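Me: I have a protein model open and would like to learn how to read it. Can you take me through it feature by feature?

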Amino acid sequence: MSDNDERLKSLQAANAQAWNGPSEHNNSKNLDSSLKKNTAFIKKARLGLNAENQATLLADIKTLSLEKYLSEVVSAIAEGLAKVKSNPDISASTEVVSALHQRFAGQFTSQLAYHLVRALAPPPASYLASLSSEQREKDESSRIGRQRNLLKVSTDLWLVGVFRTVQDALEGSGADTRRRRSDEALPLFCLRELLAADKDFTNLSIATSFVRYYSECFEQGGALLQLSQETTEKMVFIIRRYYDSLAAHLQRQNQHMKREQSRLEDSTVIYGAAPSAREGFLADMQKLQDKQIAAAQVLSEVLKLEPLVLQNETDMTNNEPGIIRGIGAVKKSGDVDDHDFLWEDEDQRRFYENLVDLSQVVPSDMLHEDKPASHISRTGDQLSTDAQNIDITFDDLDADTIETVEDEPETSNTTVGIKVQNLLVRLPELTNRELIDNAAVEFSFLNSKASRNRLIRTLLEVGTARVDLLPYYARLIAILGQYLTSISETVVLSLHRDFRRYTHGKGLNKDISKRTFNVRYLSELIKFRLVPLPIIFHCLRIAVESFTKPDAEIIAVMLEHCGRFLLRSSDTSGRFEAVLTTIMRKAKNTTGVERTLIENAFYYVNPPESSSIPQRERTSYDLYLSKLIYEDLSTKTSERVLKQLKKFDWNDHVILSLLTSTFTKPWKTNFSIIPLMAVLLAGLSKFHPRFVIQVVDTVMEQIRIGMEENIFRENQKRISIMKYLGELFNHKIIESRLVLETVYLTISFGTTDGRPTIGGSPMDPAEDFFRVRLVLVLLNTCGSSFSHGALRNKMDLFLSFFQYYLKTKARMPIDVEYSVVNTLGRIRPGLRLCTTVEEAARELDESLERSNEVSTVPRETQEDHDFGMSSTSSVVEDELSGDDSDAANESRESDSGDEQHFVLLEKKREQDDLDRLAEDELDREFGRLMNESLDLRKQEIKKPLDIALPRRLASAAFHEESPRSEGQSTHLQARDVSDVAVKFTFLSRKSKPRMLDLPSDSPLAINNAAHRIAEEEEKRTIRELTLKYEVAQTQEELEAGPVKHGSGVK
């Protein structure tokens, strides 16, 4: 048991004994009865009944004779208890009152109980009715604060046994207790009286404070174990009944507030602004309701009751089908974050929400206004007073505003004026977020009333052709409007005035360009939350009510530019849904262009629901392959990705189909990764040639299918495929014949006899230049490879044909024309472009004649420059120039002949792979030998030349060179080998080179001879390896036999 429990137990026992018998102080004759000390005790009890004075008061109770002043003591204690607030003071007052009860027993306690019951009684209704609203509010506030603490004190005194029942209070009142007797606990009686008569729930804070203070009591534990279960149940019953009444009241109040809010919104749309009195009334109701809901939550948590859930009138109709769907449904579900929901992407969100805080970069004294503007709030009051005079009110107000803007004299000095003028001149050039933010900061340092007026005039005088400036001007207004509110308010009011003037003015509603510009400006300000809701819905109401053709266009423009924001924003979504419903209902009664405009804008704002596409289950191989190709593949990781692909189980048909699907869909990856996919395919061709053949066949088939279908949404895919084909040629996976066939097919497909005609064809209209883009993509990728030999001639022929094709079409757009000039200039520098179709036809005829002359030259004399391709590649390319006999013979071959041809092709490919492997092995071996030789030379110790130079006379040299006699010759031959001289050239910085004869046994001569012998040995080893490789290659070619080459795949 805690110390607090022990204290309560001891007080309860002592107080119970005081009710049963007289106190020990009654027979004491040594008590101080002086008037001064007794009066001081009464004053201290009235003003200082707290924990600080507890010891003094207890000592005075024991030493003072208070019988004569008992009525004053009771009154003082009652007033002192009403001022107790904190929990320590409540405990101290309990101790003091218990001491007085133990001394005076019933005659003190009964009177005190009567005073507390009177203080805890609710005020009579007649008294409250006689007070004014302000006096009543002040009186209720003080009463609630006083009774909140008195209820706690009286309950504590009841728990320690000072008070028992209401009968004690009746005895203290002096009434006849025989006719009126009550055994109800005193705090229960007071609590019931306070809550039962509280129809307006003004005593709600008393109930919540009481429940919080005695929460342990309601949980049946803690420090109040002496409280019986029956009493606790009675107390819970009283508070629970009060909670049920509160819940029912909140439900009714919530429905009433919803209806009032709806009426307020209706009047806002009708009059353009809401009445300020009604707005204030609803705001006060909302504050009161929030407090009551919070109190109800406290009661439900402590008493373990069901939490309060408010229901709206529209809850029963939420499941009814409506025309608003998709976006609104997602928003109501609560699964989407507001930032991700309001805007289309992150860049748009940052543009409209991440504004520069001028207080962080500009001194605070620069961000002030001479006179704060309050036009918008004043406008709302004026609009709510008289709907019929709305036009006059707005015109008068805006005219005053604009007159103030235009006629305000500039008070700034000349330097500031020049800076402001320079800034305003540069405004049309500030077309990105960073520049407009810097302009806002710059203007803040030039802030003055005259500067603001000039800026407002500039912002309102934007030309109708510069609609691209509106988002940036709106951002500038939003940044400055954080501190300089007069700028945003004046601009909004002026635009609203113009909107109404264009709608109601005679003849002005036909100026669609100005109306469209005005609406787009307002739409941008709406997305920055600068336009008040009354003005937004007032503009919509004006346009919807008349709904003429110009109004329909204006509504469509407004929906396209700010409709999504209004529908997705929580502040406007509900009301805007109703506006959309009205717009669509009126659009059904129109025909032609108006209906189309409204429906297009509506479906842009509220797109139709689309069924979710079920995602297929992907295997681990599929996920890993997607990660390798679409995430990990880069220039640095291509080798690692290739190694991982080689580790796949290529015998598994499922994995093989996944690989085929991945390598035949280059459009699924980034455009810059397509060359790397070709690199991977080239690396796999050595080990899986059948797979590479299948990929190439699929790519060629996709190109032809794209020509046949010619679907616009597949254009990006077709460009990726053409880029992929060019990269396959760059990495020697396909031959030049396929590239040339593809470009010819791209131009001539769907034409008559394969010849382009002026005016185009049904499958290739003259105004369609997408095939030109496809050819340019392929030429940009691999066109520079056709620059030597026969390939150059064939490419020149195609370029002549391509120029003729371009001249048969309509005038090229400027971007296509630039692309053509750049591409042809890259692959054929100095190429003269034809200007007319006749000139292009002559150029084509000349190219055909040159091609025929080249085709008559024997094939042995033609050079093959196709990047290391075999001679069979030249034969295939020559066949493409006009000899189609081989193709006809191949078409007559049987299936067995095709299979034999495929086997020979596979053998040839294997032989080519072996040749490349042998060449790589030779290169590696040669490199290894060279590295070893270099390493040996590096390890040699080079000794300095420390021999003495021989001193030989020129005459001696002359005698050596002169013919010798026989005896001398014999003598020289018999001489030792060391006398044989070795010639060296001595180089010096100070003198000319000299010839030196050194002895053959000198270290320099010996080292030179050793180096010469090592070099000869190295050359002999390389010569033997080369001869062995040539002999082995010759034998392998003889064993393989002749190979027929007819495929386009190497």
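Me: Is Arg618 buried, partly exposed or exposed?

Reply: Keep in mind that this is a predicted model. Relative accessibility decides the class: under 20% is buried, over 50% is exposed, and in between is partly exposed. Arg618 has 38%, so it counts as partly exposed.

Me: What does Arg618 form with Asp622?

Reply: Start with the general idea. Side chains of opposite charge can pair when their charged atoms come close. Here Arg618 and Asp622 form a salt bridge, and their closest N and O atoms are 3.3 Å apart. Asp622 counts as buried because its relative accessibility is 6%. Arg618, at 38%, is partly exposed.

Me: Which residue does Arg832 meet in a salt bridge?

Reply: Its partner is Glu839, with 2.0 Å from N to O. Check the accessibility of each residue again. Arg832 has 51%, so it counts as exposed. Glu839 has 14%, so it is buried.

Me: Where do Glu524 and Lys527 lie?

Reply: Both are in helix H25, which covers residues 512-527. They sit three residues apart, about one turn of the helix. The two form a salt bridge, with the closest N and O atoms 3.5 Å apart.

Me: Now helix packing. At what angle do helix H26 and helix H27 pack?

Reply: For a helix pair, read the angle, the axis distance and the handedness. H26 (residues 533-546) and H27 (residues 549-568) pack at about 145 degrees, and their axes are 10 Å apart. The crossing of H26 past H27 is left-handed. On the H26 side, the contact is made by Ile536, Leu540, Ala543, Val544 and Ser546. On the H27 side, Asp551, Ile555, Met558 and Leu566 make it.

Me: Is Gly783 buried or exposed?

Reply: Look at the relative accessible area once more. For Gly783 the value is 1%, so this residue is buried. Gly783 lies in the loop between helix H37 (770-782) and helix H38 (789-807). Leaving aside neighbours within four places in sequence, Gly783 is in contact with Leu778 and Ile827. Gly783 and Val739 are 44 residues apart in sequence, yet 9.5 Å apart in space, C-alpha to C-alpha.

Me: Finally, the whole chain. How many helices and strands does it have?

Reply: The protein chain has 46 helices and four strands. Of its 1050 residues, 42% are buried. Its accessible surface comes to about 59,000 Å², with 51% belonging to carbon and sulfur atoms. Now take contacts between residues at least 6 apart in sequence: 75% of them join residues at least 24 apart.

How values were computed
Residues are numbered from 1 along each chain as its sequence is written. This is a predicted model: local features need pLDDT of at least 70, side-chain atom pairs count only at pLDDT 80 or more; totals for chains, interfaces and linings use all residues. Side-chain values use heavy atoms; hydrogens and water are left out. Axes are lines fitted to C-alpha atoms, for helices over the stretch in contact, and angles run from 0 to 180 degrees between N-to-C directions. Helices (H or I, at least four residues) and strands (E, at least two) are DSSP runs, numbered from the N terminus. A crossing is left-handed if the near helix is turned anticlockwise from the far one by less than a right angle, and right-handed if clockwise. Contact means heavy atoms within 4.5 Å. Buried means under 20% relative accessible area, exposed over 50%, partly exposed in between (1.4 Å probe, protein chains only). A salt bridge is a side-chain nitrogen of Lys or Arg within 4 Å of a carboxyl oxygen of Asp or Glu. Accessible areas come from the Shrake-Rupley method with a 1.4 Å probe; for residues, only the protein chains shown count as cover.
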